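I opened this notebook to keep track of what I looked up in one protein model. The sequence and the structure come before my entries.

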Amino acid sequence: MKSDLFASENLAGPAAAPGMILQNAKSVKYTVNGEMLARQGSMVAFRGNLQFERKGQGIGGMLKRAVTGEGLALMSVRGQGEAWFAHQAGHCFIIEFEPGDALTVNGRNVLCFDPTLSYEIKMLKGAGMTGGGLFNSLFTGTGMLAVVCDGHPIIIPVTPQAPVYVDTDAVVGWSARLDTGLHRSQSVGSMIRGGSGEAVQLKLSGEGFVIVRPSELTESAAAH
């Protein structure tokens, strides 16, 4: 059988060293030898001897989602084998943490990560168009984290002289050392979208960077 479908870039290769790699721009392959963690519902295929277990529904096992405040639950994957992860054909990126690194990530953008990474739930109250909280997870330690983003992300430097204001629906993550706050402003855009006319932005100040996706959260995306 012949087809461009079977091009080499589409074929899953043999098992590699333990850990994650990009299968392609929109999926991550994780070779498991022990344990790893992923968002529930993100696994699209696996092979080998793997067991899947929901993480506890307590705050320690949940990453929260912006706007709706719904929980983004995690699952652990244990054993020996390979698993593939993706979410709504979003673009995937792998971030490698070295000692001292710290990154705050919006829960809805987390795909999977090494168990050697630690995460702590943070919340900015009052963020989001519905007045709910903006829930994020602070990742520290050493290891790899895979994030997913609608479209190609925008990386904006933040300096003490030039704070950055980001739509709370569009923020993916930011340097953990940045100071955060909420900035409210009148916005024609928010009125067109049927809001109250008052928009809320996340204000980031200090030295670092912020990751932004080139789209706002839609109702259909919020439901997943």
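My entries follow, from the whole chain down to single residues.

**Entry 1. The whole chain**

I noted before anything else that this is a predicted model. I looked up its make-up and found two helices and 17 strands. The protein has 224 residues, and 44% of them count as buried. I then looked at the contacts between residues with a separation of 6 or more, and 76% of these join residues 24 or more positions apart. The exposed surface comes to about 11,100 Å², with 55% of it supplied by carbon and sulfur atoms.

**Entry 2. Strand pairing around β8**

I wanted to know which strands β8 pairs with. Strand β8 covers residues 110–113 and is joined to β2 by two bridges, the two strands running antiparallel. In this pairing I found Ala 38 opposite Cys 112. β8 also pairs with β11, which spans residues 143–149, and that pairing is antiparallel over three bridges. There, Val 110 stands opposite Val 147. As a general point, side chains in a regular strand alternate between the two faces of the sheet.

**Entry 3. The nonpolar cores**

How many residues does the largest nonpolar core have? I read off 16, and the residues with the most contacts inside this core are Val 28, Met 36, Val 77, Phe 85, Leu 111 and Cys 112. β2, β5, β8 and β11 each give at least two residues to this core. The largest share is that of β2, with five residues.

Leaving out residues up to four places away in sequence, Val 77 touches Val 32, Gly 34, Glu 35, Met 36, Leu 50, Gln 51, Phe 52 and Phe 85. Two residues in that list, Met 36 and Phe 85, are also named among those with the most contacts in the largest core.

**Entry 4. The cysteines**

The cut-off for a disulfide is 2.5 Å. Seen from Cys 112, the closest cysteine sulfur is that of Cys 92. I counted zero disulfides in the structure. Cys 92 counts as buried because its relative accessibility is 2%. Cys 112 is buried too, at 0%.

**Entry 5. Ser 42**

I looked for Ser 42 and found it in the loop between β2 (27–39) and β3 (43–54). Is Ser 42 buried or exposed? With a relative accessibility of 0%, Ser 42 counts as buried. Beyond its neighbours up to four places away in sequence, Ser 42 touches Trp 84, Phe 85, Ala 86 and Leu 111. Phe 85 and Leu 111 are names I already had from the largest core.

**Entry 6. Gln 88 and Ala 89**

Both residues sit in the loop between β5 and β6. Gln 88 is not a glycine, yet its phi is positive, about 50°. Ala 89, also a residue other than glycine, has a positive phi near 55°. Gln 88 is partly exposed because its relative accessible area is 42%. Ala 89 counts as partly exposed at 47%.

**Entry 7. His 91**

I found His 91 in strand β6. His 91 counts as buried, as its relative accessibility is 15%, and the limit for buried is under 20%. The His 91 side chain reaches the backbone oxygen of Gly 151 at 3.5 Å. Apart from neighbours within four places in sequence, His 91 is in contact with Ala 25, Lys 26, Val 147, Val 148, Cys 149, Gly 151 and His 152.

**Entry 8. Gly 181**

My last stop was Gly 181, in strand β15 (residues 179–186). Gly 181 is partly exposed, with a relative accessible area of 23%. Along the chain Gly 181 and Leu 202 are 21 residues apart, while their C-alpha atoms are separated by 5.9 Å. Outside the four places on either side in sequence, Gly 181 is in contact with Gln 201, Leu 202 and Lys 203.

Technical notes. Residues numbered from 1 in each chain as written. Predicted model: local features only at pLDDT ≥ 70, side-chain atom pairs only at ≥ 80, totals over all residues. Heavy atoms only, no water. Helix = DSSP H or I, 4+ residues; strand = E, 2+ residues; numbered from the N terminus. Buried < 20%, exposed > 50% of the residue type's maximum accessible area, 1.4 Å probe, protein only. Contact = heavy atoms within 4.5 Å. Pairing = 2+ DSSP bridges. Areas by Shrake-Rupley, 256 points an atom, 1.4 Å probe, with all protein chains shown as cover. Core = buried A, V, L, I, M, F, W, Y, C linked by side-chain atoms within 4.5 Å. Polar contact = N/O pair within 3.5 Å; in protein donor to acceptor, adjacent residues only side chain to side chain.
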